[in-house]
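Work through the exercises below with the sequence and the 3D structure at hand. Each task is followed by a solution in steps.

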Amino acid sequence: MAAALSCWAPLLPLLFLPPLRAAEPSAQPAPEPMASAEGPAEPPETRAAAWARPRSGPAPVTDVAKLCVCDLLVAQCDVNCCCDPDCSAADFSLFTTCSVPIVTGDSRLCSQKAATYSLDVEANPPERIFKLTDQVNPSVFCIHATNYKQALSFRPPEMPTSENFDLLLKRFGSAAFSAKPDSWNMNTDAQNPSDANETYRYEYGVPIQTADAFLRLPSPVVSSWCSDANPAGFLVNQATKCTRSVSVEKCSNIQAVSMLFYINSSILAVPKSSQMVNITVQSIVVQSLNGMRTLLNGSDVLRPPVTLDELCINIVLGVSYHITYTDAGEIIEAAASFVLGAITKEALSIQQSFDISFTQVNTTPVPLSGNPGYVVGLPLRAGFQPQGSGIIQNTNKYSQLTILQSTSNQDCLAAQGARTPILFGYNMISGCQLRITAAMKCQPLTQTLLDLLKGQSFPEYVASFGNSQAQNVLDWVPIIHLRTSEQSACQIPISLEIEVKWTKYGSLVNPQARIVNVTATITTTTLKQLPPGRERTIPVTSSVVFTDISSPAEPGYKAWPTINIKLPFDFFFPFV
């Protein structure tokens with residue numbers, strides 16, 4: 001597998017430095033000019049010839065033992081730089097730590113050398129310890145060998161001349177410039193006339209195109225100030241905050257604080273098409289100076305920024321885009337919700353917030369708990385499967401798996417209906433006290449306690465991934481029900497224990513959490529008949545335990561645990 005690195009980023013101030021003489025890549029060294037009997041020595045090459053002569057950079061340094069990123073001073077020892085060759089043993093004895101403890105090469109290599117530096121503070125005087133070890137990359141996708149030697153060094157910059165100076169100034173004279181060579185800017189329409197018959201569609205991450213450029217989602221780039229050059233990617237939910245410079249005197253002339261700036265350009269239904277989708281205003285919320293927000297009834301009227309006395313009203317504080325798309329990758333609707341506010345003449349800047357979300361047509365948006373694996377602290381998604389259909393998610397607010405929620409009075413009969421969601425990775429326990437009297441019958445009490453522990457509609461399935469879709473039945477794990485009881489005439493349930501087994505899958509660098517098994521165990525106890533006028537109090541509990549079964553087997557086990565899991569369809573993307 002070849003590694004290639006192309007970097008082209010010359011800086012304009014460096015263009016005026018005198019050129020460095022570099023060794024020519026040749027099999028034999030060039031002979032020096034010598035005087036002969038016939039005449040004087042040959043004149044050295046002219047300055048113009050030296051500028052025009054192609055140059056090659058120095059040989060790349062790939063030996064990690066010679067690399068030192070903290071060596072900044074020339075011919076001097078840098079403090080706490082344990083890899084600095086200018087430092088002596090006396091210098092090392094004064095170091096308190098190693099600022100760079102380990103030096104490696106390309107982290108994408110499957111195997112590489114690593115230079116490790118440390119200090120032996122117990123020695124007298126303290127000494128530097130240097131070790132050269134082999135480091136193995138745990139990633140599934142890594143570079144086996146760097147057989148493309150040109151990728152080991154940066155491309156030499158083009159030297160300025162009187163002929164190309166204007167071109168270089170135009171390309172690199174601004175504050176920001178593109179790193180792509182001009183040869184990459186190809187006119188695809190001219191080179192591929194057959195593209196006219198090709199069907200286009202939006203794919204994940206592709207910038208959403210508009211009539212003039214792309215849908216803007218301002219975000220901070222280098223500092224906290226807003227940059228309007230950030231495109232919104234298809235199916236990429238984003239939320240950003242940035243700072244915008246404003247003034248009351250000029251607020252009506254600042255485009256970025258006007259509603260029209262965010263909806264004046266229509267969105268292309270699919271890339272390179274003539275079909276347009278207008279951005280409609282879904283809602284307008286007005287925020288007062290003290291932070292109180294009010295939803296306006298009419299959202300069909302644009303409210304431009306207006307200077308009123310010493311205030312500037314109707315400036316955009318937040319924009320929320322909502323895009324509706326089809327399964328064919330076509331955008332059919334686009335809506336924007338605005339938060340408008342006001343500023344005083346003392347305000348020099350405002351903070352704006354932007355976000356974008358996507359919903360497939362004819363589907364109900366459901367909050368995800370990860371993408372793809374579960375995220376610790378987010379709720380478990382659950383649902384049912386009617387005969388011969390996909391998963392119908394649970395009927396509670398967010399289609400979550402829930403347990404009994406503890407109340408302040410600890411009365412079980414008063415706590416019916418109080419539920420709390422089960423959060424991934426959090427072991428939980430809750431409970432209440434049940435007061436039993438002699439008048440209570442076994443059968444009605446049993447059903448009441450079951451409804452208390454399991455809720456009115458206990459789900460049948462739990463999503464194995466945080467983003468499992470309802471139509472993918474194989475991505476849902478059935479809940480296994482167990483029951484432990486004694487042999488007696490009347491058994492009442494007193495506890496519900498849910499065990500969630502999960503595993504890590506994917507790369508070791510970025511493992512994803514996947515649920516592989518869910519077990520719900522009901523424990524019962526014998527209800528004994530009480531004498532008239534007597535009462536008895538028993539505790540009723542619910543608990544959840546998460547077990548990671550992806551850990552390796554303990555020493556002494558004869559076999560590693562095997563987990564039958566199904567990888568997502570795009571696990572090996574972009575490889576086939």
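**Exercise 1.** State what the accessible surface of the protein chain comes to, and give the share that belongs to carbon and sulfur atoms.

Solution. The accessible surface of the chain comes to about 35,800 Å². Of this surface, 56% belongs to carbon and sulfur atoms. These values rest on a predicted model.

**Exercise 2.** Describe the protein chain as a whole: how many helices and strands are there, and what percentage of the residues count as buried?

Solution. Begin with the elements: the chain holds 6 helices and 24 strands. Next take burial: 34% of the 576 residues count as buried. Last, turn to contacts with a separation of 6 or more: residues 24 or more positions apart account for 64% of them.

**Exercise 3.** Work out the layout of the open sheet that contains β1, β2 and β3.

Solution. First, write down the order, which is β1-β2-β3, with antiparallel pairing. Second, find the edges: β1 (102–104) and β3 (127–136) each pair on one side only.

**Exercise 4.** Is Ser543 buried or exposed?

Solution. Locate the residue: Ser543 is part of strand β24, which spans residues 535–548. Ser543 counts as buried because its relative accessibility is 18%, and the cut-off for buried is under 20%. Then list its contacts, leaving aside neighbours within four places in sequence: Met428, Ile429, Leu496, Glu497 and Ile498 touch Ser543.

Terms used
Residues are numbered from 1 along each chain as its sequence is written. This is a predicted model: local features need pLDDT of at least 70, side-chain atom pairs count only at pLDDT 80 or more; totals for chains, interfaces and linings use all residues. Side-chain values use heavy atoms; hydrogens and water are left out. Two strands pair if DSSP finds at least two bridges between them. Helices (H or I, at least four residues) and strands (E, at least two) are DSSP runs, numbered from the N terminus. Buried means under 20% relative accessible area, exposed over 50%, partly exposed in between (1.4 Å probe, protein chains only). Contact means heavy atoms within 4.5 Å. Accessible areas come from the Shrake-Rupley method with a 1.4 Å probe; for residues, only the protein chains shown count as cover.
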